[in-house]
Amino acid sequence: MGAHTLISMLRLLATLAATAASAQNAKLVVVRAANNYAETLNIAERFEEAKAWLRKVMPVARRVLSESHEVTLRMRWNYAEALWRHIG
């Protein structure tokens with residue numbers, strides 16, 4: 001992922017977080033956006049990038065949402081998909 005793409009992604013996340021009503025909603029918006037990005041990488045068959053991205057953001061999701069939150073579990077699903085599809 002290029003530096004320009006990462007900067008654009010972080011700006012988008014900051015904008016989305018600023019529009020959320022509460023701190024918890026802001027966290028949820030940011031983690032959902034990170035998961036959507038990973039899902040987009042999987043769809044584009046950029047599995048190495050998806051795995052690297054998810055390895056960075058999954059610990060954050062577990063910390064700010066919880067291990068059993070729906071979005072955290074979807075992130076884990078996307079990681080498993082990237083692993084599985086990269087092998088196949």
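Is Arg-74 buried, partly exposed or exposed? Arg-74 counts as partly exposed, at 47% relative accessibility. Buried here means under 20% relative accessible area, exposed means over 50%, and partly exposed lies in between (1.4 Å probe, protein chains only).

This is a predicted model, in which local features need pLDDT of at least 70, side-chain atom pairs count only at pLDDT 80 or more, and totals for chains, interfaces and linings use all residues. Residues are numbered from 1 along each chain as its sequence is written, and side-chain values use heavy atoms, with hydrogens and water left out.

Start with the fold. The chain has four helices and zero strands. Along the sequence, the pattern reads α-α-α-α. Helices are DSSP runs of H or I with at least four residues, strands are runs of E with at least two, and numbering starts at the N terminus.

Next, the chain as a whole. Of its 88 residues, 31% are buried. Take the contacts (heavy atoms within 4.5 Å) between residues at least 6 apart in sequence: 57% of them join residues at least 24 apart. The chain exposes about 5,700 Å², and carbon and sulfur atoms supply 60% of that area. Accessible areas come from the Shrake-Rupley method with a 1.4 Å probe; for residues, only the protein chains shown count as cover.

Now look for the rings. The structure holds one aromatic pair. Tyr-37 and Trp-53 form it edge-to-face, with 5.2 Å centre to centre and 85° between the planes. Rings of Phe, Tyr and Trp (its six-membered ring) pair if their centres lie within 6.5 Å; planes under 30 degrees apart are stacked, over 60 edge-to-face, and the rest tilted.

Turn to the charges. There are seven salt bridges, each a side-chain nitrogen of Lys or Arg within 4 Å of a carboxyl oxygen of Asp or Glu. One of them joins Arg-74 to Glu-70, with the closest N and O atoms 2.4 Å apart. These two sit four residues apart in helix α4 (residues 70-87), so about one helical turn separates them. Glu-70 is partly exposed at 45%.

Lys-51 and Glu-48 form another salt bridge, at 3.1 Å. They are three residues apart in helix α3, again about one helical turn. Lys-51 is buried, at 9%, whereas Glu-48 is partly exposed, at 43%. Glu-67 bridges to Arg-76 at 2.7 Å. Finally, a network of salt bridges links Glu-45, Glu-81 and Arg-85.
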